[in-house]
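Subject: Structure for you to look at

Hello,

Here is the structure I said I would pass on. Please open it beside this email and follow along; my notes come after it.

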Amino acid sequence: FLPQVDSANAGRVLASDAAVFLKKSGLTDLVLGKIWDLADTDGKGILNKQEFFVALRLVACAQNGLDVSLSSLNLPVPPPRFTDTSSPLLLSGAASSDLPWAVKLEDKVKYDAIFDSLNPVNGLLSGDKVKPVLLNSKLPVDILGRVWELSDIDRDGMLDRDEFAVVSIFCLL
């Protein structure tokens, strides 16, 4: 979802852009305001990538009847749903069982453990650190390169914890 609200690829989302996007969740302005307040930790009116992911997670919690609170962030919920027929990347009411690419909580815990075992620097892993793990998948190198391209969402040549989980799904680690 981030590229849709961060078209400049600056790694941040302005309040105005986020508001337009988050309204597509079908949640009330009151709930969206609470989500924004929890996600915008420094109150600057801009979300970095991690804060934006928190906002998306809170949207998913609200859509599934859970409390909009930081304590709900670790509860298992399907991805958030947004209505926008002009975009194939946005979901329109699909259940998590229909989403084979959705990361299950137990798998995310496993991927996070692998991520941590590779000694990330400032929360990021370089290609050199991830390459041996990817090669263990026995996938062809050209396929692994494409997996990396699809997973490195912010195109910084490094993988954060969530991008690594995407790589892991593709490579069935």
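First, a term: a residue is called buried when its relative accessible area is under 20%, exposed when over 50%, and partly exposed in between, using a 1.4 Å probe and protein chains only. The model is a predicted one, so local features need pLDDT of at least 70 and side-chain atom pairs count only at pLDDT 80 or more, while totals for chains, interfaces and linings use all residues. Residues are numbered from 1 along each chain as its sequence is written, and side-chain values use heavy atoms, with hydrogens and water left out.

Helices and strands below are DSSP runs numbered from the N terminus (helices are H or I with at least four residues, strands are E with at least two).

Salt bridges

A salt bridge here is a side-chain nitrogen of Lys or Arg within 4 Å of a carboxyl oxygen of Asp or Glu. The whole structure has 7 of them. Start with K49, which counts as buried because its relative accessible area is 13%. Its side chain meets that of D154 in a salt bridge, at 2.8 Å from N to O. This pair links distant parts of the chain, 105 residues apart: K49 is in helix 4, and D154 is in the loop between helix 7 (141-151) and strand 4 (158-159).

K49 also forms a salt bridge with E163, where the closest N and O atoms are 3.4 Å apart. Here the partners are 114 residues apart, with K49 in helix 4 and E163 in helix 8 (residues 161-171). E163 is buried as well, at a relative accessible area of 1%. Salt bridges link K49, D154, D160 and E163 in a network.

Another salt bridge joins the side chains of R161 and D116, at 2.7 Å from N to O. R161 lies in helix 8 and D116 in helix 5 (residues 105-117), so the pair ties together parts that are 45 residues apart in sequence. R161 is partly exposed, with a relative accessible area of 31%, and D116 is partly exposed at 38%.

Contact means heavy atoms within 4.5 Å. Not counting residues up to four places away in sequence, E51 touches A39, D40, T41, D42 and I46.

Helix 3 and the cores

Which residues of helix 3 (residues 29-39) are buried? They are L32, I35, W36 and A39. They cover an arc of only 100 degrees around the axis, which puts them on the same side of helix 3; the arc is that of the directions from the helix axis to the C-beta atoms. An α-helix has 3.6 residues a turn, so residues three or four places apart point the same way. The face of helix 3 turned away from the buried side carries the exposed residues L30 and D37. The buried residues pack against strand 1 (12-14), helix 2 (15-22), strand 2 (46-48) and helix 4 (49-63).

A nonpolar core is a set of buried Ala, Val, Leu, Ile, Met, Phe, Trp, Tyr and Cys residues joined through side-chain atoms within 4.5 Å. The largest one has 20 residues, and L22, I35 and L47 touch the most other members. Helix 2, helix 3 and helix 4 each supply at least two residues of this core, and helix 4 gives the largest share, 7 residues. A second, separate core of 13 residues includes L144, V147, W148 and C171.

V130 is in helix 6 (residues 127-135) and is buried, with a relative accessible area of 0%. Leaving aside neighbours within four places in sequence, V130 is in contact with L125, W148, L159 and F164. V130 and L159 are 29 residues apart in sequence, and their C-alpha atoms are 8.5 Å apart.

Two loop residues

N122 has a positive phi, near 55 degrees, though it is not a glycine. N122 sits in the loop between helix 5 and strand 3 (125-126) and is exposed, at 74% relative accessible area. K138, also not a glycine, has a positive phi of about 70 degrees. K138 is in the loop between helix 6 and helix 7.

Regards
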